[in-house]
Structure formats: C-alpha cells, structure tokens
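Please look at the structure below before reading on.

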2 protein chains.
Amino acid sequence: MTTIQDIANTLGISKGTVSKALNGASDISETLQKQVLETAVELGYTKLRRQKSEKKKLCIIIENMEYKEIHHFGYEIILGFRQIAEPAGFQVDIIDMNEDIQSSVSYDVFMLQNDYIGAFVLGFTPKDPWMKDFETSRTPAVLYDNYVITNPSIAYVAIDNNEGMELAVSHLKSLGHNKIGYLSHDLKSQIMQVRYNAFFNALRHHDIEENSDYTGCSYYITQCMNQHLPRLLNLGVTGIICSHDLIANAAMIQCQQLGYKVPEDISIIGFDDLPICAYTSPPITTIRQERIQLGKSGYYALDSLMNQVSIGTILLHAKLVVRQSTGEAAKRE
Amino acid sequence: MTTIQDIANTLGISKGTVSKALNGASDISETLQKQVLETAVELGYTKLRRQKSEKKKLCIIIENMEYKEIHHFGYEIILGFRQIAEPAGFQVDIIDMNEDIQSSVSYDVFMLQNDYIGAFVLGFTPKDPWMKDFETSRTPAVLYDNYVITNPSIAYVAIDNNEGMELAVSHLKSLGHNKIGYLSHDLKSQIMQVRYNAFFNALRHHDIEENSDYTGCSYYITQCMNQHLPRLLNLGVTGIICSHDLIANAAMIQCQQLGYKVPEDISIIGFDDLPICAYTSPPITTIRQERIQLGKSGYYALDSLMNQVSIGTILLHAKLVVRQSTGEAAKRE
C-alpha cells in the first residue's frame with residue numbers, strides 16, 4: 001500500500017510537506033498541492049487508514065437531475081442509496097456538480113481531497129469532463145445510466161431498457177397495434193441510444209414492421225411535436241412509444257390539439273414513470289423505473305467495488321404500468 | 001398470501017387432503033398430487049411459513065458442467081455461492097439435472113415439492129425444457145449465462161462478454177495485429193452468440209477490418225481445426241480470438257502441427273481462464289471469468305429477488321490475463 005513516504009520519495013520533498021499538502025494546509029502553494037495530490041492518485045494512495053476513528057464517507061454526485069422534492073426524479077434514488085449506506089456505517093454527502101468543477105480538478109483528486117472513498121454518480125452526459133476521467137480513474141464509482149467499458153473501478157446501474165421496450169411493444173401488440181412509432185430526445189446521450197436500439201429489437205422480436213420513418217428524434221420537445229408527431233400521424237401509426245414521459249405528455253397534448261383522441265385514435269406510452277404520469281389527462285401508461293431500488297442497487301454495486309467483487313453492471317427489471325393512454329388499436333384507412 | 005384453504009377451495013377438496021398432497025403422502029394418488037401442486041403454484045402458494053424452525057433451503061441446479069474437483073469450471077462458482085449463502089442461514093443443496101427430470105415436472109412444482117425457495121441454475125442450454133418454464137415461473141431463479149426477458153422472478157448473471165472481447169481485441173491491437181480471426185463453438189447457445197457479436201463490436205470500436213470470412217464456427221472442435229483454422233491462416237490473420245479456452249488450446253496445437261510458431265507466427269487468445277491455461281505450451285493468454293465472484297453474484301441476485309429488489313442482470317468485469325500465447329504481430333506478405 002502506498003504511504004506518504006512513497007509520495008515524498010517520488011517528489012523529492014519531505015513527509016511533512018506531503019502530509020500538509022494532502023490536508024490542504026495554507027502554507028503550501030497551490031501548484032505544489034496539485035502536484036502532491038496528482039502523485040498520490042498516480043501511486044494509488046488512499047486516505048482509508050487515516051479514518052479509523054471517523055465515519056467513512058461516500059458521496060452522491062448529481063447533475064442535470066432534480067432531487068430536493070419528493071416528486072423529483074432523483075429524490076427516491078438518493079433515498080434508496082442512503083437507506084442501505086447509512087445503516088452500514090457510511091456518511092453520505094450530496095454534491096451538486098457542474099462542468100466548471102470538473103474542469104478544475106480530476107475526479108480522483110476531488111475524491112482524495114474530500115476524503116470520499118466511493119461515489120454514486122447521477123445525471124451525467126457524455127460531454128461532462130469527468131466522463132473521460134472515468135475511463136481510467138481508480139476511486140470506485142457507480143454511474144447511473146452511463147456505461148464505461150473496461151475500468152474495473154467503475155460500475156453501471158440502470159433499468160433494463162431492452163426489457164422496458166419489450167414490455168411496451170408487447171403491450172401495444174396485444175391491443176392490436178401493428179404500426180408503431182417512436183419519439184425521442186436526440187440520440188447524443190447514451191441512454192437515448194440504448195432505448196432507441198431497444199425499441200427496434202422489440203419490434204423485431206414481435207415481427208412488427210421496422211421502419212425508421214416511423215421515428216422522430218429532436219433535441220427540443222417542441223420540434224419533436226411540430227415536425228415529427230404530425231408526420232407519424234399522417235403515416236398512420238396507431239401507437240407511439242416515447243423515450244421518456246415528458247415527451248409522452250407533450251405528444252398527448254399535441255395529439256388532442258390536432259383533433260386525435262387518446263387512446264381512441266392513438267395510444268401513447270411513456271418511459272420512467274415520473275410522478276406526473278398518474279395525474280395527466282388521461283393518465284399515462286409507462287415503463288416504471290423503480291427509483292428506490294435503483295438507489296439500493298447503486299449502493300450494492302459500490303459496496304462490491306470497494307470489496308473487490310468486481311461487479312460492472314446491475315440492471316433492474318423494468319415494469320409496465322398500464323394507465324389510460326393506451327387502448328385498442330384504432331381502425332385506420 | 002395464498003393458504004392451504006385457498007387451494008382446497010379452488011379444487012373443492014379438504015384442507016387435510018391438500019396438506020397431505022403437498023407433503024407427498026403415499027395415500028394420495030399421483031394425479032391428485034400433481035393437481036394440488038400445480039394449483040398451489042398457480043395460486044402463488046409457497047411453503048415459506050412452514051419453515052420457521054427449519055433452515056430455509058436453496059439449490060444449485062447444475063447440468064453440462066463439471067464441478068466436483070477443484071480444477072473443474074463449476075467448483076469455484078458453487079464455492080462462491082455457498083461462501084455467502086450458508087453464513088446467511090441457508091441450506092444449499094446441489095442438484096444434478098437432466099432433461100428427463102425437467103420433462104417430468106415443471107420447475108415451480110419441483111421447487112415446491114422439495115421446499116426450495118430459490119435456485120441458482122448453471123450450465124443450461126436453450127433446449128433444456130425448463131428454459132421455457134423460466135419465461136413464466138414464479139420461484140426465484142438466477143441463471144448463469146442464460147437470459148430470459150421480462151420475468152421478474154428471474155435474474156441473469158454472467159461476465160461482461162462485451163468487455164472481455166474489448167480487452168482481447170485491444171490487447172492484440174496494441175501488439176500490432178490488424179487482421180484478427182475468430183474461432184467458436186456453433187452459435188446455437190446464447191453465450192456463443194453474445195461473444196460472437198461482442199467480437200465484432202470490439203473490432204468496430206478499434207477500427208479493425210470486420211470480415212466474417214475471418215471467423216469459423218463449428219459444433220465439433222476437430223471440424224473447427226480442420227476446416228476453419230487452415231482457412232484463417234491462409235487468409236493471413238496474425239491473431240485469433242477463441243470463444244473459449246478449449247478451442248484456443250486445440251488451435252495452438254494445430255498451428256504448431258502446421259508449422260506455425262505461437263506466438264511468433266500467430267497469436268492465440270482464449271476465453272474463461274480454465275485452470276489448464278497456465279499449463280499449456282505456451283500458457284494461454286485469456287479472458288478470465290472470476291468464478292468465485294460469479295458464485296457470490298449469483299447469491300446477491302437471488303437474495304435481491306427473494307427480497308423484492310428486482311435485479312434482472314448482474315455482469316462482472318472481465319479481466320485480461322496475459323500469458324505467452326500472444327506477441328507482436330508477425331510480418332506477413
């Protein structure tokens with residue numbers, strides 16, 4: 001195990017200086033502190049042993065996801081994680097992240113500086129600077145909905161999107177739908193790509209026509225509604241699966257404005273089961289992500305990484321929640 | 001929760017008869033016993049409550065996989081499972097399975113009859129009769145290397161084969177290989193398909209020529225060696241990745257008999273890290289499946305299913321083990 005002495009030897013400075021730098025003493029220059037921290041990470045130094053008397057610290061690093069209110073998507077994920085991590089003796093801090101912080105310090109150095117021994121990372125996108133760090137970082141991290149290949153310190157937790165799309169397509173097929181459309185946010189995020197491919201896998205599995213004309217993907221929901229939705233309706237799709245609930249809700253409203261009844265003329269399915277789904281008009285049939293369980297699985301995966309059981313992926317079963325936005329396929333000319 | 005009374009009501013017989021049938025009393029006809037058991041399963045009856053004083057029982061159902069000796073593939077998987085299940089208070093039985101047993105009784109009825117509340121299933125192939133049962137069964141089961149979609153009572157545990165192939169291709173690429181072949185058992189089993197697709201994903205990721213002519217798949221290893229291997233060598237591949245170690249070992253021997261030196265003329269990579277890999281000539285570079293960890297993950301997944309945390313998939317990180325069967329790409333004309 002790497003010691004403070006090893007860091008001192010590598011840099012040709014005293015143990016005392018290394019120790020001060022690791023603890024952020026004000027009489028050590030910023031440049032030297034940075035050098036010490038980076039060397040510490042490079043050599044695989046961890047502060048683990050220094051925490052015998054204190055609680056060990058984990059953090060949930062969160063970005064692009066609301067979590068403070070009970071109806072926010074992140075609320076229950078965090079709750080599930082804490083429900084197991086805290087009784088197991090960990091202190092869990094929540095860190096609001098942004099790109100500026102990520103650009104100023106590497107993930108490993110951030111974790112070392114703040115005494116965190118593992119992180120659960122929520123809401124990141126491929127353009128987050130730390131996504132690059134995660135390819136080679138050494139401090140255990142579990143990423144929700146982001147997959148990094150071949151780094152044994154990183155795990156990935158998500159819902160089984162293939163299963164989710166399978167349930168959605170199979171539900172529509174059982175109602176007689178044979179021409180099914182798909183509306184999505186643009187495909188730049190990993191999760192949107194995964195769901196898009198999962199949609200086509202499910203169509204194939206059910207021998208339903210695969211036609212990319214029946215799909216529409218846009219960064220802006222309004223664009224999706226103005227350009228793609230009318231096109232899909234004109235092509236005669238009788239059901240539309242949406243990459244997430246907000247698009248499903250917008251699509252439902254737009255269909256109604258265009259004079260289509262939901263579900264009599266067109267069935268709509270969402271994805272995620274956001275709390276609003278039960279209160280829209282009509283309530284939205286959707287694929288549920290069990291958020292408490294996602295949080296718990298995040299802890300299981302992190303615990304396993306910290307204990308050298310090298311879990312790389314945990315996928316939760318998806319669940320179809322049938323409400324009133326889906327019905328028998330409309331007879332179209 | 002379903003009671004014995006519910007079963008009695010459904011069948012219009014007495015509670016005592018149901019109870020006798022569930023316990024296999026000899027004065028109940030086989031037909032009636034079967035009817036009672038199937039109704040019990042259909043109504044979701046479990047014997048859980050009857051076991052307060054006894055140890056709860058799990059089973060490992062195993063087929064097509066040796067496990068009795070320390071060098072057998074299944075040995076450590078079973079060990080890893082027991083290392084956590086037994087301290088957690090479970091009795092773990094090992095059941096040697098065959099198709100006859102599966103044809104004579106459904107999976108759920110088998111489990112109910114024998115008081116098992118969960119199973120870890122090793123070595124099954126798509127033609128096993130219970131693979132069909134697993135699509136709708138209700139007793140928790142974790143399948144190693146077999147994936148069943150949309151049954152919330154079933155989970156899937158495996159190594160991350162995509163990651164394994166990525167590591168293999170990336171290793172060969174770093175040694176200068178640009179024309180990489182693939183030898184495999186036939187593609188009828190799920191795992192062989194997954195690895196085959198993973199091989200092409202990895203080539204794509206590394207911008208290496210994808211050409212199905214460079215692959216060969218046969219049910220019999222000898223066929224693979226006599227038909228495909230010479231063809232691949234003639235096409236000028238400098239490295240060959242094999243779907244599993246036994247093919248890698250056979251390929252190495254066959255190459256040597258054909259006058260090719262391993263790794264000077266041709267590099268060979270296996271998959272699994274069977275114990276023999278360290279003792280072949282030369283020792284085989286391969287992708288390791290951490291078998292103890294697979295066993296432990298099997299228990300984690302089963303435990304989560306039994307506790308209503310609906311984990312569907314756990315994938316372990318793959319690990320490249322570099323030995324002497326791989327080296328710098330040979331210069332070919």
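Axes are lines fitted to C-alpha atoms, for helices over the stretch in contact, and angles run from 0 to 180 degrees between N-to-C directions. With that convention, helix α10 (residues 221–234) of chain B lies across β6, β7 and β8 of chain B and runs at about 175° to β7(B). The model is a predicted one, and its overall scores are an ipTM of 0.83 and a pTM of 0.85.

**Confidence and overall build**

- The mean pLDDT of chain A is 92, and 97% of the residues of this chain reach 70 or more.
- Among the elements of chain A, the lowest mean pLDDT, 83, belongs to helix α3 (residues 30–42) of chain A, whereas the highest, 98, belongs to β9(A).
- Chain A contains twelve helices and twelve strands, and its C-alpha atoms fill a box of roughly 85 × 35 × 35 Å when taken along the principal axes.
- Of the 333 residues in chain A, 47% are buried.
- Among the contacts in chain A with a separation of 6 or more, 70% are between residues 24 or more positions apart.

- In chain B, four strands form an open sheet in the order β7-β6-β8-β9, with parallel pairing; its edge strands are β7 (215–218) and β9 of chain B, each of which pairs on one side only.
- Neighbouring strands of this sheet are turned by 15° against each other on average, when direction is ignored.
- Strand β8 (residues 239–242) of chain B pairs with β9(B) in the parallel sense over three bridges, and within this pairing I240(B) has I268(B) in β9(B) as its bridge partner.
- Besides α10(B), which lies across β6, β7 and β8 of chain B, helix α9 (residues 190–205) of chain B lies across β6 (180–185) and β8 of chain B, running at about 170° to β6(B).

**How the two chains meet**

- The contact between the chains involves 22 residues of chain A and 21 residues of chain B.
- On the side of chain A that touches chain B, the elements that give two or more residues are α8 (161–174), α12 (291–306) and β11 (311–316) of chain A, and β11(A) gives the most, with six residues.
- By class, this side of chain A has nine nonpolar, eight polar and five charged residues.
- β11(A) pairs with strand β11 (residues 311–316) of chain B in the antiparallel sense over five bridges, and the bridge partner of I314(A) in β11(B) is I314(B).

**Symmetry of the pair**

- Chain A is superposed on chain B by a rotation of 180° with 0.0 Å of shift along its axis, at an RMSD of 0.1 Å; the two copies are therefore related as by a two-fold rotation axis.
- Which residue of chain A comes closest to the rotation axis? That residue is I314(A), at 2.3 Å by its C-alpha.
- Because 95% of the interface residues of chain A are also interface residues in chain B, the copies meet through the same surface.

**Backbone features to check by eye**

- As background, most residues other than glycine have a negative phi, and most peptide bonds are trans.
- N64(A), which is not a glycine, has a positive phi of about 55°; N64(A) lies in the loop between β1 (56–62) and α4 (73–85) of chain A.
- D273(A), likewise a residue other than glycine, has a positive phi near 55°, and D273(A) lies in the loop between β9 (267–269) and β10 (286–288) of chain A.
- Are these two residues buried or exposed? N64(A) counts as partly exposed because it has 13 C-beta neighbours inside 10 Å, whereas D273(A) is buried, with 23 other C-beta atoms within 10 Å.
- In chain B, the peptide bond from V262(B) to P263(B) is cis, with omega near 5°, and P263(B) is placed in the loop between α11 (245–257) and β9 (267–269) of chain B.
- The peptide bond from S281(B) to P282(B) is also cis, with omega near -10°, and P282(B) is found in the loop between β9 and β10 (286–288) of chain B.

How values were computed
Residues are numbered from 1 along each chain as its sequence is written. Chains are lettered from A and ligands numbered from 1 in the order in which they are written. This is a predicted model: local features need pLDDT of at least 70, side-chain atom pairs count only at pLDDT 80 or more; totals for chains, interfaces and linings use all residues. Two residues are in contact if their C-beta atoms, placed from the backbone, lie within 7 Å. Ala, Val, Leu, Ile, Met, Phe, Trp, Tyr, Cys and Pro count as nonpolar, Asp, Glu, Lys and Arg as charged, and the others, Gly among them, as polar. Two strands pair if DSSP finds at least two bridges between them. Copies are superposed by least squares on the C-alpha atoms of residues with pLDDT of at least 70 in both. A residue is buried if 20 or more other C-beta atoms lie within 10 Å of its own, exposed if 12 or fewer, and partly exposed in between; C-beta atoms are placed from the backbone. pLDDT is the predictor's confidence in each residue, from 0 to 100.
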